[in-house]
Amino acid sequence: MRCIAISTPGSPGVLRLEERPLPDVGPSDVLVRVEAAGVNRPDIMQRLGRYAPPPGASDVPGLEVAGTIERIGPEVRRWQPGDRVCALVAGGGYAEYCAVPEPQCLPIPSGLDRLHAAAIPETFFTVWTNLFQRAALREGERVLIHGGTSGIGTTAIQLAWAFGATALATAGSDEKCAACERLGARAINYRTTDFVQAVRALTDGQGVNVILDIIGGDYLGRNIECLAKDGRLVQIGLQGGSKAEINLTALMQRRATLTGSTLRPRSVEEKGAIGRDLEAHVWPLLAAGTVKPLVHSIFPLERAADAHRTLESGAVIGKVVLTT
Ligand SMILES: NC(=O)c1ccc[n+]([C@@H]2O[C@H](COP(=O)([O-])OP(=O)(O)OC[C@H]3O[C@@H](n4cnc5c(N)ncnc54)[C@H](OP(=O)(O)O)[C@@H]3O)[C@@H](O)[C@H]2O)c1
């Protein structure tokens, strides 16, 4: 099969098209003929040598695919060859074929094409497990979403809105702020406005109940200042750094909870449980068009380097997708 390999850590040019044997298919795996694969920020971190695949995962980048099941392992119960699925994978997505544990596959939501289906799993699994399971965001609450036009942000704004929460989102340009507003959030241009003051102003001084943060670093203390009483801060990215000093008094005064998680190293069982929850609660919304993955640009597999350059340019609203 053709796939994309990281020849050595570095700039997008290190992504090379290679021929490799088909991946091994375990007893509980399906082999997916990949038609489209989503591109995510963690793929860039992997290319740079800062995010190694977990033990046992393919070294080929790519955390999500959509396509048709070609073959199934002897213990697979739910799927048959010919079924069309989208899937969360721990690696190996940038390829013509990808082996996937059965529980990590979901049916392509009705009405969605393969390109949009490939843009779903990584951000929907991440947002669901962090915003709704971990931070327990509820109807009527207020949530601050940093990076509102990222793949994660566009998903989080839509799901918050769909489940009756009020979303506030940060973005780095007026154009991106307008996109956040179209998705249903009150937008804050973090380059021209102090987001702590903006959150206070937009919440009548109450603060937000939940924050989904992809920045870390010096955002940590500022995030805590934005929290309402009993607020929950979920850390899922570290684009601003992994170390920070905070005033613990501010945490205590708010009775705040600070948490976070990474999806990729979680077990097949845990990912399967998230998938089942998504299928029950979110798949009907995708089928109805209430929420939809935003596809910004599409590249053929062999132009994976251009796909990475595009995501790194900062111009993307939503997702970049590869086709095989
Ligand atoms: N923990 C997990 O399980 C998990 C899973 C998936 C992804 N992630 C993390 O989630 C993050 C987003 O991933 P993605 O694939 O959705 O990325 P992406 O589409 O490449 O978006 C990155 C975003 O970061 C925003 N940003 C950069 N600096 C910012 C700042 N100072 N304040 C607010 N926003 C800022 C950019 O917005 P502007 O252009 O507006 O600045 C951009 O929208 C990454 O950090 C990734 O590692 C974590």
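A polar contact is a pair of N or O atoms within 3.5 Å. Within protein, one atom must be able to donate a hydrogen and the other to accept it, and residues adjacent in sequence count only if both atoms are side-chain atoms.

## Basis

This is a predicted model: local features need pLDDT of at least 70, side-chain atom pairs count only at pLDDT 80 or more, and totals for chains, interfaces and linings use all residues. Residues are numbered from 1 along each chain as its sequence is written, and side-chain values use heavy atoms, without hydrogens and water.

Lys 176 places a side-chain N or O atom 2.5 Å from an oxygen atom of the ligand. Arg 41 has a polar side-chain atom 2.7 Å from a ligand oxygen. Ile 236 uses its backbone: an N or O atom there lies 2.9 Å from a ligand nitrogen.

## The shell

The ligand is surrounded by 26 residues (a heavy atom within 4 Å). Arg 41, Gly 172, Lys 176, Tyr 190 and Tyr 219 are the closest.

Domain 1 (2-120 + 264-323) and domain 2 (124-260) both contribute shell residues, so the ligand lies between them. These bounds come from an automatic or database domain assignment.
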